Structures are given as C-alpha cells and as structure tokens.
Amino acid sequence: MKRYGAMIKIKEENFEKYKQLHVNVWPEILEMIRKCNIRNYSIFHKDGVMFSYFDYIGGDIDADMAKMAADQKTLEWWGIVKPLLEPLQTRREGEFWAEMEEVFHLK
C-alpha cells in the first residue's frame, strides 16, 4: 500500500457547490474509485485550499488512473466538478491535483 496526498485550490464561491456534490457522490463514481484500488479516500478544505488523501492498494497506479480516466461516468462527474477547482501553478505537467511529497508518517 502507498499513501498519496494532493492539493488544489477552490474559489470560496464554488466551495458550497463542491461540498454538496460530495455529500451525494454518484454510486458509479464510488465504485470506480474502489475498482481502481483506492481506499481510505478523504478530501479536506481550508481557506480555499483542498487537500486529498488516499491509500493505493494496487500494483500499477498509472494503469488504474488511466482506467478511471477512460470511464464515461467518471468523465461526466469530472465535467461537473473540475470547473469548480483551480489547479496550483506549481503542479507538474499533466497533473490536475498537485501531488505532494510525503515527508513523515507514523504507523
């Protein structure tokens, strides 16, 4: 298992809509997240910054992320959610959420 953290910004005027969407995430989206070997997935917010965390239990995250990105229902969900978010300027090429480096973990 590997832990992943990522960041992105959200305009305060978009936050309530984003939060409401995540109160009732479509079942197909939750199922695809699980099929892509993601567990313990959380999103936190503070002062216009979102932080996500998940555990990856699979063996090929690139393949699982490609599978998720090819799913039509996921693409529909992203079409609603992504316009609410603002990627960080410092993200790597190809990233939407900026992946973070883990610097400490206590088991």
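Seven elements each supply at least two residues of the lining of the largest pocket: β1 (2-10), α1 (12-23), α2 (27-35), β2 (38-46), β3 (49-56), α3 (61-70) and α4 (72-81). Before going on, the ground rules. This is a predicted model, where local features need pLDDT of at least 70, side-chain atom pairs count only at pLDDT 80 or more, and totals for chains, interfaces and linings use all residues. Residues are numbered from 1 along each chain as its sequence is written, and side-chain values use heavy atoms, with hydrogens and water left out.

Back to the pocket. The largest pocket holds about 1100 Å³ of space. Of the 36 residues lining the largest pocket, those closest to its centre are Tyr41, Phe54, Met65, Met68 and Trp97. On the terms: the search uses a 1 Å grid over the protein atoms alone and a 1.4 Å probe, and a pocket is an open set of points with protein on both sides within 12 Å along at least five of seven lines. A lining residue has an atom within 4 Å of a point. Grid points are joined across faces, edges and corners, and the volume is the space filled by probe spheres set on the points.

Which element gives the most to this lining? That is β2, with six residues. By class, the lining of the largest pocket has 22 nonpolar, seven polar and seven charged residues. Nonpolar here means Ala, Val, Leu, Ile, Met, Phe, Trp, Tyr, Cys and Pro; charged means Asp, Glu, Lys and Arg; the others, Gly among them, are polar.

The second largest pocket has a volume of about 160 Å³. Its lining consists of Lys2, Arg3, Tyr4, Gly5, Phe51, Tyr53, Glu99, Met100, Glu101 and Glu102. The classes are four nonpolar, one polar and five charged.

Now the fold as a whole. The protein has four helices and five strands, in the order β-α-α-β-β-α-α-β-β along the sequence. The radius of gyration is 14 Å, close to the 13 Å that the globule rule gives for 107 residues, so the protein is as compact as a globular protein of that length. That radius is taken over C-alpha atoms, and the rule is 2.2 Å times the number of residues to the power 0.38. The C-alpha trace spans about 40 × 35 × 30 Å along its principal axes.

Of the 107 residues, 33% are buried. Buried means under 20% relative accessible area, exposed means over 50%, and partly exposed is in between, with a 1.4 Å probe and protein chains only. Among contacts (heavy atoms within 4.5 Å) between residues at least 6 apart in sequence, 71% join residues at least 24 apart.

Some single residues next. Ser52 sits in strand β3 and is buried, at 4% relative accessible area. Not counting residues up to four places away in sequence, Ser52 touches Tyr4, Gly5, Ala6, Tyr41, Ser42, Ile43 and Trp97.

Two loop residues are worth a slide. Most residues other than glycine have a negative phi. Asn37, in the loop between α2 and β2, has a positive phi of about 65° although it is not a glycine. Asp47, in the loop between β2 and β3, also has a positive phi, near 50°. Buried or exposed? Asp47 counts as exposed, at 61% relative accessibility, while Asn37 is partly exposed, at 22%.

Last, two helix residues. Glu13 is in helix α1 and is exposed, at 62% relative accessibility. Glu13 and Gly48 lie 35 residues apart in sequence, and 9.6 Å apart in space from C-alpha to C-alpha. Ile80 is in helix α4 and partly exposed, with a relative accessible area of 32%. What does Ile80 contact, leaving aside neighbours within four places in sequence? The answer is Leu21 and Trp26.
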